[in-house]
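I opened this entry to look up surface charge and strand pairing. My notes follow the model.

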Amino acid sequence: MAASRPLTHNPGTGPCAVCGETGLPCARCRVDYYCSKEHQKRHWPKHKVGCGSVELRGGSVVAARDIPAGTVIMREVPALFFPASPLTYYQSQCLLLLCVGCCAELTPKAASQCRRCGLPVCGNACSRASEHQVECKAFERAKFKVTKADIRGATGAMLGAAVATLRVVSACSDNQLLQNLLREPTLDGQGLQASPDAASWVDTIETYIAAVALFLREVAGIKWIPEQDLIRAARIVSMYAEDFEGPDPARWSHVSKQEHVGTLYVGMAQRKHSCYPNSGDTIMNAELKEWVVVTSRDVAAGAPITTHHQRCRWLDDTLQRRETLLVRKGIVCDCERCSDPTELGVYVGSPCCAGCTAQGKQRYLVPVKEDRDLWRCEGCPLEMTVSEVKALTKPMEDRLEELKGSPPETILQFTKAQVYPHGPLHSTHTVVLRANEYLRKDIYDRRADEQATEGEVDRWEEVVRGQLRALDRLLPGVVGEDRAVILLELRRLTLRRLRAAERKAALEAFCQPSRTTEAGLKLPEYRQAVLDVNKQLCGLHFNRDEEMPKRFLIEDPFGGR
């Protein structure tokens, strides 16, 4: 197959899709690697489904032909790494001091400095890291060196953003895909006018971007790079970079440093956003941060390949998601979910009508206009403004934030008291979905299931399954981190219940060896529940060179956590 202009950024070599030996990428799609023509031909019947199925048109990835669901269409590693910074975080809260080499968290007192440029590093190895050389050489050329006082002062919070900006500027000249992202954003003026909060955030980000450019030119003295180029590069980081938080050293004994990494996937970033996307991303090689893109449903030829923006959470309602997109992308989303007043029949942003509830009917308030200014009950003539609808659930939102980090049973009591018929919420309202997410995370963080009673595990499992059902309705068929973390927590709980039942059955069998106990009768059901979750987890792996996760679940399905 004749080579075409690459659509993604990939390593020059990789494991052969047939035998695992080192090979070269398919010249057309760069999704699979082959060590020989023979193995490429042998793999063609499987490979041809996705090969050349997407192309770049007008700055966006589109389907070059009809693509069936479940097809791997892209594969990519980051074109650039850099320390996470306020540019890569929606709420600009990343004010941590990070090593510019490995992006590990540092304390101002313990931080070393690069001997040439003064930027914070872990040590000599990170000072010599290839990723660090771009900004190091730029600072040296400008005869600027970061001081200890700079690191501890206000300048320290800007260093990560400055490093990311310089790396993007440096890479642009040699990377056509990165140049495609340099286009000026088209801000939806009407959308910003309708959302003062979003407009305020956009102003804040633009002010911060200008401050980064000013620091690099006027303070660091890097005047040979035009101000507009620095602004555009910083805007690319803000609009397209994704952030990853490494494993917590407090939880994992083999991890010594907490990493906060900003990454830029220049090919995958060319996809359009949709809250009801037709593709999802799943990790292929965690060490390389290599991802594959998989279609979540059939895609017709010419249709854009869409993705769910990292900071636009699936459990947020349309008002919140649109505000997020206005801030990060300058657009108002009009996808299938955002255009549907009922949000695909899940009613994520719709509270229950109090009047209908008083009559024993569960009916929802839904927007009746595209701008969502006017809302109406589906069961009675009641009409409310968007401000009045927000006021209905604002006390619950505030209370939920106060309960963040509380024990799971406390959060369950909160949601039970606020859902129909006791309050204006329901099982798939955004406040309840967020509460359930807090509960899931707390179980994981505190290992609460290890000390839980059988009844608590059953209740928590039902909550996690409810989250999975809601996700299936809102992001059907989409693989990715959201689905993985829910399934992993479900595996923890089902496995915990199975282990408890096995211990109970063994004890009952010892005391009453001639009887089949109740716990013993439940064991096949509990084992099947674990196997069902494992099967779903296996479906999330697309590792061609690392089959260990699949083998582990198949060979030891009831093994460790």
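I began with the surface. Arg115, Arg116, Arg128 and Lys137 form a positive patch there. Patch residues have over 30% relative accessible area and no salt bridge, and like charges are joined within 9 Å. Charges are placed at NZ of Lys and CZ of Arg. This is a predicted model: local features need pLDDT of at least 70, side-chain atom pairs count only at pLDDT 80 or more, and totals for chains, interfaces and linings use all residues. Numbering runs from 1 along each chain as its sequence is written, and side-chain values use heavy atoms, without hydrogens and water.

I then looked up arginine 128. It lies in the loop between helix 2 (124–127) and helix 3 (133–141). Helices are DSSP runs (H or I) of at least four residues, strands (E) of at least two. Arginine 128 counts as exposed because its relative accessibility is 57%; the cut-off is over 50%, with a 1.4 Å probe and protein chains only.

I found an open three-stranded sheet, order 1-2-3, with antiparallel pairing. Strand 1 (14–15) and strand 3 (33–34) are its edges, each pairing on one side only. Pairing needs at least two DSSP bridges. Two bridges link strand 1 to strand 2 (residues 22–25). Proline 15 is opposite threonine 22 in strand 2.

Last, I checked the hairpin. Strand 4 (residues 54–57) and strand 5 (residues 60–63) run antiparallel, joined by four bridges. Valine 54 has alanine 63 of strand 5 as its bridge partner. Two residues separate the strands, and glycine 58 in the turn has a positive phi of about 60°.

Terms used. Patches are made of residues with over 30% relative accessible area and no salt bridge: like charges are joined within 9 Å, nonpolar side chains (Val, Leu, Ile, Met, Phe, Trp, Tyr) within 5 Å. Accessible areas come from the Shrake-Rupley method with a 1.4 Å probe; for residues, only the protein chains shown count as cover. A salt bridge is a side-chain nitrogen of Lys or Arg within 4 Å of a carboxyl oxygen of Asp or Glu. Lys and Arg count as positive and Asp and Glu as negative; His and the chain ends are not counted. Buried means under 20% relative accessible area, exposed over 50%, partly exposed in between (1.4 Å probe, protein chains only).
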